[in-house]
Amino acid sequence: MKTQYIVSTDLDGTLLNHHDYQWQDAEQALTSLASHHIPIIINTSKTRLEVANLIKALPVPEQSYVVENGSAIVLSTEHANQIDLKSQYENFQYIDGKPVWVLGENRASLCQWLYKLREKYDWNFQGYQDWSINQIIEKTGLSEADAAASSKKEFSEPFEWYDTQENLQKLTDSARLSGYKIVKGGRFYHLQGSVHKASLFDFIHEFKNQLYPEFESIRFIALGDNHNDIDMLNQADYSIVIKSPTDTKLELSKNKQVIYSQSFGAKGWNEEILTLLTFIKLPTINEK
Ligand SMILES: [Mg+2]
């Protein structure tokens, strides 16, 4: 049976080191995946603009990518051509000329909802809407250009919580009742639509016959380091948790087999993918 393996990877703290945002230690594994025609789909809390800038530098072919914790899938040219987008799909839009599969909520509505609650209950927190680019740089360590790209959130609002855990729980409950969701990433909490990174798997299964017609099955390899990766890691066929310098080890569902990396960030990504590739029976290039 021909199986298409697909990598779905988080960026910050996973493919990119938590502190210096470098991916170069993963170059060998990236190149090896590309040579086996295994697509690497970035699946991050970052924005469209941030990912568009980053992928220009990566040594891998163009792929679709998922932004803002499953809120939108930016389709590669190939994927956009394979799916008959002329059929009227409710989720499909062109944004800045790019084909995008939108699952989340727009940021303006999220911000209106969030900051109105802050006013009403006098909760102590701040988010992207409150911060200048310089403040985002201070909090994230991003370069000025990257911080500017990061500030262009379209489907989520990151924030820092300074109030009690009890009030955070109240906010989380209110979000759920309003059809939204609070997720914890490596640096911030994020208010977003009720979506998660595993939305990618549903999308691929829905369009499998168009996207990967010559394969009988799809198997997902997921890599992540934090709470916002849990749904993706729990639903993947192979789950790799990258060791985090800021958080305790992520616990996945009971009975879930998990690979825990020995190293942090890009180095851990590189080591675990190279090890996994030796275990997966891959067809030779000629068979494909
Ligand atoms: Mg992360």
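**Reading a predicted model: terms and values**

Colleague: Why is Tyr-21 called buried?

Modeller: Tyr-21 has 14% relative accessibility. Buried means under 20% relative accessible area, exposed means over 50%, and partly exposed lies in between, with a 1.4 Å probe and protein chains only. The value for Tyr-21 is under the 20% limit, so the residue counts as buried. This is a predicted model, in which local features need pLDDT of at least 70 and side-chain atom pairs count only at pLDDT 80 or more, while totals for chains, interfaces and linings use all residues. Residues are numbered from 1 along each chain as its sequence is written, and side-chain values use heavy atoms, with hydrogens and water left out.

Colleague: What makes the phi of Tyr-21 worth a remark?

Modeller: Most residues other than glycine have a negative phi. Tyr-21 is not glycine, yet its phi is positive, near 60°. The residue is found in the loop between β1 and α1 (27-35). Asn-69 also has a positive phi, near 55°, and is found in the loop between β3 (65-67) and β4 (72-74). Asn-69 counts as buried because its relative accessibility is 3%.

Colleague: How do you know which strands stand at the edges of the five-stranded sheet?

Modeller: The strands of this open sheet follow the order β2-β1-β11-β12-β13, with parallel pairing. β2 (40-42) and β13 (258-264) each have a single partner strand, so one side of each is left without a neighbour in the sheet. On average, neighbouring strands are turned by 25° against each other, direction ignored. Strands are DSSP runs of E with at least two residues, helices are runs of H or I with at least four, and both are numbered from the N terminus.

Colleague: How is the four-stranded sheet arranged?

Modeller: This open sheet has the order β7-β8-β10-β9, and the pairing is antiparallel. β7 (125-127) and β9 (180-184) are the edge strands, as each pairs on one side only. From one strand to the next the twist averages 30°. Helix α7 (residues 165-177) packs on this sheet and touches β8, β9 and β10, with its direction at about 140° to that of β9. Contact here means heavy atoms within 4.5 Å. Strands β8 (residues 156-161) and β10 (residues 189-193) pair over four bridges, and the partner of Glu-157 in β10 is Leu-191.

Colleague: How many aromatic pairs does the structure hold, and why is the pair of Tyr-5 and Tyr-238 called tilted?

Modeller: There are 19 aromatic pairs. The rings of Tyr-5 and Tyr-238 are 6.3 Å apart, centre to centre, with 45° between the planes. Rings of Phe, Tyr and Trp (its six-membered ring) pair if their centres lie within 6.5 Å; planes under 30 degrees apart count as stacked, over 60 as edge-to-face and the rest as tilted. The distance meets the limit and the angle falls in the remaining class, so this is a tilted pair. Tyr-5 in strand β1 (residues 3-9) and Tyr-238 in strand β12 (residues 238-243) are 233 residues apart. Tyr-5 counts as buried at 9% relative accessibility, whereas Tyr-238 counts as partly exposed at 21%. Phe-203 and Phe-207 form another tilted pair, at 5.2 Å and 55°.

Colleague: What makes Lys-249 a charge over a ring?

Modeller: Such a charge needs NZ of Lys or CZ of Arg within 6 Å of the ring centre and within 35 degrees of the ring normal. Lys-249 lies over the face of Tyr-260, at 4.3 Å from the ring centre, which is within the distance limit. Lys-243 lies over the face of Phe-264, at 5.0 Å.

Colleague: Which stretches of the chain make up each domain?

Modeller: Domain 1 covers 3-103 + 196-287 and domain 2 covers 107-193, with bounds from an automatic or database domain assignment. Their C-alpha centres lie 24 Å apart. The contact takes 23 residues from domain 1 and 19 residues from domain 2.

Conventions. Pairing = 2+ DSSP bridges. Axes fitted to C-alpha atoms, helices over the stretch in contact; angles between N-to-C directions.
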